[in-house]
Protein chains: 2
Amino acid sequence: MGMGRPRAFDADAALDRAMDVFWRHGYEGTTIAQLTEAMSINPPSLYAAFGSKEGLLKAALDRYTEKRDAWMDKVLNAQTAHEVAERFLMEHADAQTDPANPPGCLLVQGGLACGTGSENVPFELAARRTRTEDQLRERFVRAKAEHDLGENVDPATLARYLSAVTSGMCVMASSGATRETLREIAAVSLKAFEEQTKG
Amino acid sequence: MGMGRPRAFDADAALDRAMDVFWRHGYEGTTIAQLTEAMSINPPSLYAAFGSKEGLLKAALDRYTEKRDAWMDKVLNAQTAHEVAERFLMEHADAQTDPANPPGCLLVQGGLACGTGSENVPFELAARRTRTEDQLRERFVRAKAEHDLGENVDPATLARYLSAVTSGMCVMASSGATRETLREIAAVSLKAFEEQTKG
DNA sequence: CCACATCTGTAGCGAACACTACAGATATCT
DNA sequence: AGATATCTGTAGTGTTCGCTACAGATGTGG
């Protein structure tokens, strides 16, 4: 028995193209026609490989999360909690205004509110955002154990705060905020972080 | 010559219904069928009154802005810049988790990234968000003139920071953040504000 | 009460949507 | 080489989308 005709396109490269389209137009604003054109494949190939439009989004999110994890490792490996916060904020300001990508972040621009039948999409995006928040919180728990953060500091609050600020930066990036503007916001936020860790 | 059959529905009440649907499902996730059902009218009435789906959104946004302006007046009329920031943040935390409305804010949940043909929607929402930011900035300019804020404080930075935080709160509210969580974030943000106004 | 202007409800328009049937192509395994 | 399994491209499928033609209803002005 044979193994069948092999796939003629690179799945990861195609996912990168799909990611860009979802990122730029949101899940519901993206059409299969746009996706197949960007991925340079025909609909049957898309459906054979990813099952459905939502399946393709999840595959793209998986790939996005992979890249993000590598990036988060760099952030989390900073020596101090303060430096973690600084890197997190500043790298976000840069990433969200990187001309290589659409503005903002796929996990926000992908869709906060969707129509009937796509309720799962905002939920899926939220789960990935929560993951980042969890990583930050765990890092701050460690910092607390290492006496890098004081006893009366709440790691969950810090993580939620940073997560909120970077989500807000996504919103501003989507409406044209420059890298400098986002860095300014990041700098102010960092002061709140400092103040919070003193208390 | 006669003046024609009068409209049988209340336009403002209908707009409130439409606002809720756009808010909950986003512009692109909302269908005309959902709108007409929520508004208790038929499509021809909708199109006679508002022109198009996008026209209806703009009308709903105008009504939203009206209410928001009344609300912002209360915020901006606070005695000090610090109290303006506090009210702005805390009222946002409450409004975004008010069970009378969908979570978050129409100006964010309405749609950050839209499909081809609806590019105008994110732009329109962003313009309304900028309006709030402008109101804050002007208030801080005044505070500076009144020596309520120091000479080396940048009103634009403060306004942008508060705008970013509340936008981030919208994202968190859309994924189920509680009122207490948002208030916590608001409290941390307020510390950044205080710190920023000292410098 | 009549002419007119506008609204309302039914019913359905063309277009675009996500998705797929099918036939031919291309690999593997024996 | 032959059988088989999977992919690819063409050309659609049924459904839903935003929107509207039309006829009847309901008000105003003369």
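This briefing covers aromatic pairs and charges over rings in the structure. The model is predicted. A search of the whole structure finds eight aromatic pairs over all chains. Among them is the pair of W71(A) and F88(A), which is tilted.

**The pair in chain A**

- The ring centres of W71(A) and F88(A) are 6.3 Å apart, and their planes stand at 45° to each other.
- W71(A) belongs to helix α4 (residues 53-76) of chain A and F88(A) to helix α5 (residues 81-96) of chain A, so the pair ties together parts that lie 17 residues apart in sequence.
- Both W71(A) and F88(A) are buried.

**The pair in chain B**

- W71(B) and F88(B) also form a tilted aromatic pair, with 6.3 Å from centre to centre and 45° between the planes.
- This pair links distant parts of the chain, 17 residues apart: W71(B) is in helix α4 (residues 53-76) of chain B, and F88(B) is in helix α5 (residues 81-96) of chain B.
- W71(B) has a relative accessibility of 17% and therefore counts as buried, the cut-off being under 20%.
- F88(B) has a relative accessible area of 1%, so F88(B) is buried as well.

**Lysines over tyrosine rings**

- In chain A, K53(A) lies over the face of Y27(A), 4.5 Å from the ring centre.
- In chain B, the charged end of K53(B) sits over the ring of Y27(B), at 4.5 Å from the centre of that ring.

Technical notes:
Residues numbered from 1 in each chain as written. Chains lettered and ligands numbered in written order. Predicted model: local features only at pLDDT ≥ 70, side-chain atom pairs only at ≥ 80, totals over all residues. Heavy atoms only, no water. Phe/Tyr/Trp six-rings, centres within 6.5 Å; stacked < 30°, edge-to-face > 60°. Helix = DSSP H or I, 4+ residues; strand = E, 2+ residues; numbered from the N terminus. Buried < 20%, exposed > 50% of the residue type's maximum accessible area, 1.4 Å probe, protein only. Lys NZ or Arg CZ within 6 Å of the ring centre and 35° of its normal.
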